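This report covers selected backbone, helix and interface features of one structure. The sequence and coordinates are shown first.

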There are 2 protein chains.
Amino acid sequence: MDIPPFKLNGRVWIEIGDEKVLGHGRVELLERIHASGSIRQAALQMKMSYKQAWDLVNHINSGFKQPLVISKRGGKGGGVAIVTPFGLEVISEFKSIQQKFFDFLSENGKK
Amino acid sequence: MDIPPFKLNGRVWIEIGDEKVLGHGRVELLERIHASGSIRQAALQMKMSYKQAWDLVNHINSGFKQPLVISKRGGKGGGVAIVTPFGLEVISEFKSIQQKFFDFLSENGKK
């Protein structure tokens, strides 16, 4: 009656004022905005609508009470977006937590 | 530009063969079956249908390749269900992992 080997899996996310503001998917969105300089491109890559991506960005910005992404609409290529230094700091904090979480998951699975 | 205080939240679950077999909700179902001796009662308490509860129980039993719940349909009260000693062991293992996970979450939030 031994418990068979299993893998532990899971997710972590950041909440501010009881609201989820940042998790794995949103961090990926921020990283793709940072890499492409474009919310539209990032949305495309993640197969979400432009509006969805905008809503997420606004939700993240207002959750942290300061912008992680600044964007300028319009212009030739349809506007540019940059991830602020504060945004980069938050991404890095989340990834460091996530790495610790991955370690936790593999330590607590059963070989 | 300091990161504001935040709460870390999350979920963990057990996978066997890349399939989720047990998480927070299913453990609650098992505990309620154990307490009430009835899948029907447990389902009612968790506001799920009897069929949903049965499907979950079957999924858990087959995932672990041995029964965590044994049930007898029919009879006066509509059948009884018991959580096996193996099932109790799995519940206890999951709760111990979950407690460590709660500690992880509070250690990694930001005061």
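Predicted model: local features only at pLDDT ≥ 70, side-chain atom pairs only at ≥ 80, totals over all residues.

## Loop residues with positive phi

Lys65(A) is exposed, because 10 other C-beta atoms lie within 10 Å and the cut-off for an exposed residue is 12 or fewer.

In chain B, Asp18(B) is placed in the loop between β1 (7-16) and β2 (19-23). Asp18(B) is not a glycine, yet its phi is positive, at about 65 degrees. With 7 other C-beta atoms within 10 Å, Asp18(B) is exposed.

## Helix α4 of chain A

Helix α4 of chain A covers residues 85-108, 24 residues in total. From its first C-alpha to its last it reaches 35 Å, close to the 34 Å expected at 1.5 Å a residue.

Which residues of α4(A) are buried? They are Gly87(A), Val90(A), Phe94(A), Ile97(A), Phe104(A) and Asn108(A).

## Packing of α1 and α4 in chain B

Helix α1 (residues 24-36) and helix α4 (residues 85-108) of chain B have axes that come within 11 Å and cross at roughly 135 degrees. Angles over 145 degrees count as roughly antiparallel and 65 to 115 as roughly perpendicular, so α1(B) and α4(B) are oblique to each other. The crossing of α1(B) past α4(B) is left-handed.

On the α1(B) side, the contact is made by Val27(B), Leu30(B) and Glu31(B), which meet Gly87(B), Ile91(B) and Phe94(B) of α4(B). Sorted by class, this contact of α1(B) with α4(B) has 4 nonpolar, 1 polar and 1 charged residues.

## Contact between chains A and B

How many residues does each chain bring to the contact? Chain A brings 25 residues and chain B brings 25 residues. On the side of chain A that touches chain B, β1 (7-16) and α4 each supply at least two residues. The element that gives the most to this side is β1(A), with 10 residues.

By class, the side of chain A that touches chain B has 15 nonpolar, 3 polar and 7 charged residues.

Key: Residues numbered from 1 in each chain as written. Chains lettered and ligands numbered in written order. Buried ≥ 20, exposed ≤ 12 C-beta atoms within 10 Å, placed from the backbone. Helix = DSSP H or I, 4+ residues; strand = E, 2+ residues; numbered from the N terminus. Axes fitted to C-alpha atoms, helices over the stretch in contact; angles between N-to-C directions. Parallel < 35°, antiparallel > 145°, perpendicular 65-115°, else oblique. Left-handed = near helix turned anticlockwise from the far one by under 90°. Contact = placed C-beta atoms within 7 Å. Nonpolar A, V, L, I, M, F, W, Y, C, P; charged D, E, K, R; others polar. Expected span 1.5 Å × (residues − 1).
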